[in-house]
Amino acid sequence: MQFGIMSVSDITRDPVTGHTPSEAERIENIVRIATHAEEVGLDVFAIGEHHNPPFFSSSPTTLLAHIAALTTTLTVTTSTTLITTNDPVRLAEEYAMLQHLAKGRMDLMLGRGNTAPVYPWFGQDIRQGLPLALENYNLLHRLWREDVVDWEGQFRTPLQGFTSTPRPLDDVPPFVWHGSIRTPEIAEQAAFYGNGYFANNIFWPKEHYKRLITFYRQRFEHYGHGSRKQAVIGLGGQAFIAKNSQDAHDQFRPYFNEAPVYGNGPTMEDFEEMTPLSVGSPQEVIDKTLTFREAFGDYQRQLFLIDHAGLPVDMVLNQLDLLGEHVVPVLRAELESRRDPEAPANPPSHADLVKAKYGDQAPRQPRPNANRGDNVTGGSPYQDSESAADSYPTL
Amino acid sequence: MTDFRLAVVSAGVSDPSSTKLLADRATQRVTALARERGHAVTVTTIDLRELLQELPAALSNQLLGPRFTRAVDELLAADAIVAAAPVYKAGASGLFTSFFQVLDNDLLIGKPVILAATAGTARHALVVDEEMRALFAYLRALPVPTSLFASTEDWTDTALGTRIDRAARELVLLMESGFARAVRDDAWGAYQHTYGSGGGTEVDIDLNSDLMRLATGGSLRPDPDEDPFDPRNG
């Protein structure tokens, strides 16, 4: 079971001090937060993607490559990568590059993005958000698995003889999660490809997410990727921890009350009761998090949102200390002891995927042919492909 | 003959409330007329004042508290509805419109509704027909032809009783017709639904849609074989 944190990259005024961090400050701080996550024993750091203020994370692979360079065990990932407004060709290239630099310590999560004005900035239309997401992933999937792709779809310029470079590390594509909370088509796509499914588990009662998770499990089995229990599931959640419940409530309340997403709406107590938010002592956070497994079955990744709504960086680092010292070790032990042996303990790592593809053989290491000024006709541009030789007979 | 369920939604906030009074008078007539025609009627009252504390979460996050959830369940189960609002500043009260704006678009399809409003002056009389009726048209509910409106002077006018009687009779006839249930049985798929809408009842997943084919590696592009002029037919 992996534990980690996910950030939406909001730059929000601290409602207690009135201080709004500069972009420079917040970007520097997110690196501290991510590296500290590894220091306290967490497994995963995830960053969102946004293209409008007050968010900073427009270039997640740049940030994640930097974090990967500063860490040794942490898996870097996204929450989420926009599969709608990004060109899947660029995603294939950027994330393959990140995969190389991170030595495979990465994966990514795809989401649609629900900010309508962002779509036209990238030449898209939010009304086509779902078909865009589905079609773009179909292409991304092929770009990472086929050296040379001919492709024609509804939304993007057709591709003829296109090779996405670099090829994935060890010619094994990064593991992909599909994030969704209300779209059966996304759950179906995750199941069809045998990818992971992630429910953000933030805004609604957990029962709300249960139906689609059950559907994803059924379809994962239907497509022959394994049993329902072997489906790969990740969940979000948010927590604020203090030594005792009252302190946690007192400290978090001003941030909750003015949080960008739910501030000035429900009371914190109502939100705690109705949603997966847990504010309280380590034991309370542990107890609430354990209810997720009861509702959804064994799952492989738990990400907490802890750095939003203007929470100052020292408080966030302290939250990481509390998570790492008092919460996660207990959750690890509890969840491991309850896990059905058939259910995977972790989502597949790069090493797992390499082993699944090659067994004990050495992985393929693609080496390009010399530049012939024209890499778009003929077969593979890589040396280990026979078809390349066929199409260019030597004189 | 039939056992009908009637949900009465009142947005009156004072106690006693003339809005609630108007809703009650309509409800009594509906119940009495239905009984005369051999039906039993179970009445549930949804007093929107009791939902006030849950409204911020519902409006800002579509997060429905326990009372809201109960109200949605009652409306879903109802064969007919009486919906009554006070008129403030030339419109149905914010509480009333907010409540119905939070509901799923397909929750009330085909359900007969008596629309009722109260106001301090007769100058608000057309709010029911010009504003509330539009809201229920959007929700594809079926407001009865007779709208109810009572300003101060109407409470002493027997004509109000006549109108209440007329609206109640229209509602009972529409309930008897079984229109809402027939729509649900025969034409439900022709209305737009989203996953989990209809108060959480729309959870069937159609695996045969174009989008599902796209989700499983298919294409949205039309099959070139079907178009002789498609250049891909070369």
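**Reading contacts, burial and interfaces**

Guide: Leaving out residues up to four places away in sequence, N52(A) touches T115(A), V118(A) and W121(A), where contact means heavy atoms within 4.5 Å. This is a predicted model, in which local features need pLDDT of at least 70, side-chain atom pairs count only at pLDDT 80 or more, and totals for chains, interfaces and linings use all residues. Residues are numbered from 1 along each chain as its sequence is written, chains are lettered from A and ligands numbered from 1 in the order in which they are written, and side-chain values use heavy atoms, without hydrogens and water.

Visitor: Is N52(A) buried or exposed?

Guide: Buried means under 20% relative accessible area, exposed over 50%, and partly exposed in between (1.4 Å probe, protein chains only). N52(A) has a relative accessible area of 16%, so N52(A) is buried.

Visitor: Where is A11(B) found, and what is A11(B) in contact with?

Guide: A11(B) is in the loop between β1 (3-10) and α1 (18-36) of chain B; helices (H or I, at least four residues) and strands (E, at least two) are DSSP runs, numbered from the N terminus. A11(B) counts as buried because its relative accessibility is 1%. Beyond its neighbours within four places in sequence, its contacts include T19(B), L48(B), P86(B) and F96(B).

Visitor: How many residues does the largest nonpolar core have?

Guide: In soluble globular proteins, nonpolar side chains tend to be buried together. A nonpolar core is a set of buried Ala, Val, Leu, Ile, Met, Phe, Trp, Tyr and Cys residues joined through side-chain atoms within 4.5 Å. The largest one here has 115 residues, and L42(A) is one of those with the most contacts inside it. Helix α11 (residues 313-338) of chain A gives the most to this core, with 10 residues. Among the residues that L42(A) touches are I5(A), L320(A) and L323(A).

Visitor: How many residues of chain A are in contact with chain B?

Guide: 32 residues of chain A are in contact with 24 residues of chain B. The two chains bury about 2,300 Å² between them, 67% of it on carbon and sulfur atoms; buried area is the accessible area (1.4 Å probe) that two parts lose on being put together, summed over both. In chain A, E152(A), R211(A) and M274(A) lose the most area to chain B, together 22% of what that side buries.

Visitor: How many salt bridges does the rule find across this interface?

Guide: A salt bridge is a side-chain nitrogen of Lys or Arg within 4 Å of a carboxyl oxygen of Asp or Glu. Across the interface of chain A and chain B the rule finds zero.
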